[in-house]
Every structure is written in C-alpha cells, then in structure tokens.
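Open the model in your viewer and keep the selection tool ready.

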Amino acid sequence: MSWVFTDVHAGPAGRAVLKGVSLTVAPGEMVGVLGPNGAGKTTLLRAGLGLLPLQAGQVQLADKPIAELKPAMRARAAGYLPQERRVGWNLAALRIAELGAPDLPEGQAQALAAACLARVGLEGFEGRGVLDLSGGERARVLLARLLATRAPLLVADEPTAGLDPDAQFLALDLLAQEAARGAGVVLTLHDLALAARVCSRLVVLHDGRVAADGAPREVLTPATLRTVFGLDGAFIDTEDGPVLVTRRAP
Amino acid sequence: MSRTATLLLGGLLILVLLAGLLLGETTLTPAQYGQAFAHPGSPAGEVLWTIRLPRALMAALIGGGLGLAGAALQGLLRNPLADPGVLGVSAFAGLGAALTIALGLSAVTGAVEAGALVGALAAGLLVSGLAARFREPEALILLGVSLSSLGGALTALIFNFSPSPVATAEVMNWLLGSVANRDFGDILRALVPMTLGAGLCLWSARGLTMLTLGEETAALSGLPMASLRTAAVAGAALMTGAAVAAAGVVGFVGLAAPHLVRRLSGDDPGKLLIPSAVAGAILLTAADLISRVLPSEQELKLGVVTALVGAPLFALVAWRASRSWRA
C-alpha cells in the first residue's frame, strides 16, 4: 500500500507552499524529508494526510484519493505525529498512548499502550500525568501513541525535536523497526547527518519542489548541500559507515 | 473515577437536596415537619412539596446542565476557562429569551425556551467558529467576555425599549438568575432540552478525550470528529438555553464544576462529563439554599451567590492556567 503524490500544489490559507511535488512512498521504506525552514516539509505531510486541501494534483492513500477516505479508513491507513506537542489536559501517560487505538476494546488498548510505552523506554511511567513529565518524556509518550496506531504508514513531523541524543536515536530506531516490519515511514528532520545515517531514502524539498530524491549519498551531494542548505560538506568513510560532516558555506 | 468518589458525589447531592427540602425562609417546628410528611396537603406540606421541592430540583437540574455544558465546552476548546457564561452563550440565550418576551410571545408555550435556545445556539456556533480561527486560548476567552457583555447590554436595552415596560426587578431576574417560585411544570419543560443536550454531550465524550492531543491528531484518529464536535456544541447550547429559559443567566457554575472533579476523573475530559454534572447540581442547589436562608431583607439572587464564589475561582484558574500556557 503506497502513498502517492502526483504534482501536488498546496499551502495553508491559499498560499502556494508546495509547487508541484510528485513522490511515491512504498511499504518498508524509511523516508526522511529534508529542507530548510519554509521549504514545505510540514505542508507536504499535512496535504498528504488530507489535513490541508489540495490546490492541484492528487494524493493517493490506500489506493484511493485522500479526500475520499472516510475518517476510520484514513486512521487505519496512516498514523501521524504532529510537530505540535501541546497536550490539553494532564492525562496519564498510559491513557495518552491508549488514544492511538480507539478502535480496540479498552482492555486490549491498554495492554497495547503499556507495550508501546515500554518500547519508548517509559516503563513505570504509565500512571504519571503527561504535563508532569519533562518535554522529552512527553515527546516519547506521544511517539508511543503513534506506535499504538499500528498503521501501515507512519508519518512523523520532527520526531527528534527537543530530545536528547540518546532519545533521538531511540526514536529513530523504533521507526526503523516499524519500517523493517513493512510499514512505510516518513519523517521530517533537520539533522542532516542523522538523517543520512538512519533513512533508507531522502527527499530534499527546496522552495516547494523536490530538489533531490534517492539514497542518502546520492542526494546529499556537495552541490545540493550548497544550493539548498547553504552548506559545505561531504561524506567521510569511517569504520561505522559513511558520516556526513557539514559547515556553513563561506 | 473511584467508587469512593462516586459515592461521595452522589451522597453530597442527596444531602443538599434534602437540605433544600428541609431548610428555608420559614422555620418549621418538628411537629410541622411530621405533619408535612404525613399530610402533604397541609400548610406545612404545601411549603415542602410545592415550594421547596420543585425549587431544589430545579436548581439541581440547572446546575447539572450547566456543569455538563461547562465540562463539554472546556474539553472541546481545550481551555480550562471555558464556560457557557464566560463565552457569552448564556448571555445570548438571555438575549433570545428577552426578545421573545419583548415581542409579547411569553404566553405562547415554549416560545421563551425556543428564543433562549436559538440565542444559545447562535453564540455556541460563533464561539466554536472563532475557536477554530484563534488558536490562542487567551484570545478566545477575551472574545467570549466581549460577547457576554454585548449580550447582557442588548438584553438590558430590549427591556428598556420594550413596549410594555418591564419592571427593573424583572430585568434583574433575567440577568442574575433565580429559581424561586418554580413548579413541576417548569421542571418538565426544562427537562426535555436538557436531556437531549446531555445525550449529545455524552455521545461526544470520546471526541473530547481525543481532542486532548490537538486538532490534527484528533482529525486523524478515525473518530468522526466533525459530528462529535457539532454534538458537543449543540448539546452545550441546548442545555445552556434550557437553563437560561428556566432560570435566567446563572454564571460560573459551568466553570467551577469541572475543576472540582477534574482530578477525580483522571483529567480525562470525556470521563469528566457526568461527575461535572453532579458537581454542578450540588453547587447550584447549595447556592440556592444560601440565597434562601441568608437573613436579608430581599432574597439574594442566585446569580449573585454563584458570582461571589465563582469570580474569585475564575481568577484563580486563570492564574494557574496562564502558567501552563506559557510553558
């Protein structure tokens, strides 16, 4: 079940943020969406999930145009972790994770939620109120909720923002595990080196268009780094595999 | 909610209802109480069964409705300061009722109720529309406060210009709220829209819980959010409209009730609804009791009592909430 963008034009309040994006995400792929601020990363995710009307073009999810999917079907097809992490009320962590599975009976949803909290390293935090947790812990609770959706497409907007380095790797490893199990995973990232390490494929957005799309080493070329990000950089081969190093272009 | 908390809330409600039945302006002797229970038709029985009981029940019904409406609005807007009174829903319900009275329709069965309902629905729709536009919780409250003042001012204006001049006391009745001199017929008339509104709000409970995570996550949760959201607004407006038609504008109950039981319900806006209704019923019955038994030349207005308690509470909640908004 693929997620297919065909010449998508979209933007909030009628603005043209995406100016013709075509892209196909296949099951089992871990796709990192990169680009400077304002390039259209979040707009791409929101338009692709039907949270934003399309100005032109088409998005297909579960072999149907996104606008034609009923709420329940769309939820079964895709799970979304938005960048906005404000939680309205001080619900227990377990209850928040449980909200990923409103389709399951309460007992099953609770067991699943507990398992997902354990996966994000929050065993023993089940009864704690989310607003009493630190920002990083709250982000992990929200990641647990995303895992609890069990959707074949997982979409995460900056899942590593505000996490300490260890938790960043934990979050990305968990998403990679989901991809290995056959889910399509799409995430936006700002850390280019991290993206190059964990993603099987990178898509670089520049000014609302796809500037490069492919394996990390093919995409993050010195030319792309220079024109899109204003950086000088290159991959260096190490015992641990290639590592991307960058600095501001003079 | 734990069993102890449920029992406590239920017990308290029964207690205040009993107090509402047994206490009042006229002090009865034990012999008179005995007479009232043995012969409901006796003078003492009249006082208990046709004056005090309907009044206490009406206060409980209205408090319950406002408590439920407040909890639903707070959950819907993810805002601990939301309440039918604060957001102007009550004021517009009052305006609708005042319009029907000024047009001389008060004798037509259900006309005042319909007017209040229409006013409440209009304000409810306006507020939920504004909520989608203004994401900052403070902005919505400020808009609500201005709506509320506007509704109150227009209501006073209508009474001023009404062709059959209404006494100032009558106007105050509407603006400050009262459940004095209500009979069982009044209760039955309020019960229909209240029940309908409560049903709608309770149906929307799942959606209110999901909205804890924000609009986008809720929209993609698989729940029919558009319908659940509409149900919550319509339900809260129905209950507020019915409450205002029956007792005028009684403020702060919808604000206070959810906060009293929030911890008991694990902070879950969906599970909060029923406890909040019970808490609202307790609060308003107790407030009405206070307005009756306080020795004063003229009976205190119900809205005055709730505002005396509610306004400081509003300030306290605002103070605490503003800290979490900044974080």
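Begin with the words for angles: under 35 degrees counts as roughly parallel, over 145 as roughly antiparallel, 65 to 115 as roughly perpendicular, and the rest as oblique. Axes are lines fitted to C-alpha atoms, for helices over the stretch in contact, and angles run from 0 to 180 degrees between N-to-C directions. Helices are DSSP runs (H or I, at least four residues), numbered from the N terminus.

This is a predicted model: local features need pLDDT of at least 70, side-chain atom pairs count only at pLDDT 80 or more, and totals for chains, interfaces and linings use all residues. Residues are numbered from 1 along each chain as its sequence is written, chains are lettered from A and ligands numbered from 1 in the order in which they are written, and side-chain values use heavy atoms, leaving out hydrogens and water.

**Stop 1: two helices of chain B**

Select helix 12 (residues 253–261) of chain B and helix 13 of chain B. Their axes come within 8 Å and cross at roughly 120°. Helix 12 of chain B and helix 13 of chain B are therefore oblique to each other. Now show the contact (heavy atoms within 4.5 Å). On helix 12 of chain B, pick residues including B:V253, B:A256 and B:L260; on helix 13 of chain B, B:P275, B:A279 and B:L283 are among them.

**Stop 2: a second partner**

**Stop 3: where the chains meet**

Show both chains. The contact takes 21 residues from chain A and 25 residues from chain B. About 2,200 Å² is buried between chain A and chain B (accessible area, 1.4 Å probe, lost on being put together, summed over both). Carbon and sulfur atoms give 61% of that area. Select A:R86, A:W89 and A:L99: they supply 35% of the area that chain A buries against chain B, more than any other three residues.

**Stop 4: salt bridges**

A salt bridge is a side-chain nitrogen of Lys or Arg within 4 Å of a carboxyl oxygen of Asp or Glu. How many lie between chain A and chain B? The count is 2. Zoom to B:E216 and A:R46, a salt bridge with its closest N and O atoms 2.4 Å apart. Finish inside chain A, where A:R119 pairs with A:E178 in a salt bridge at 2.8 Å between the closest N and O atoms. This pair links distant parts of the chain, 59 residues apart.

Methods
Buried area = accessible area lost by both parts, 1.4 Å probe.
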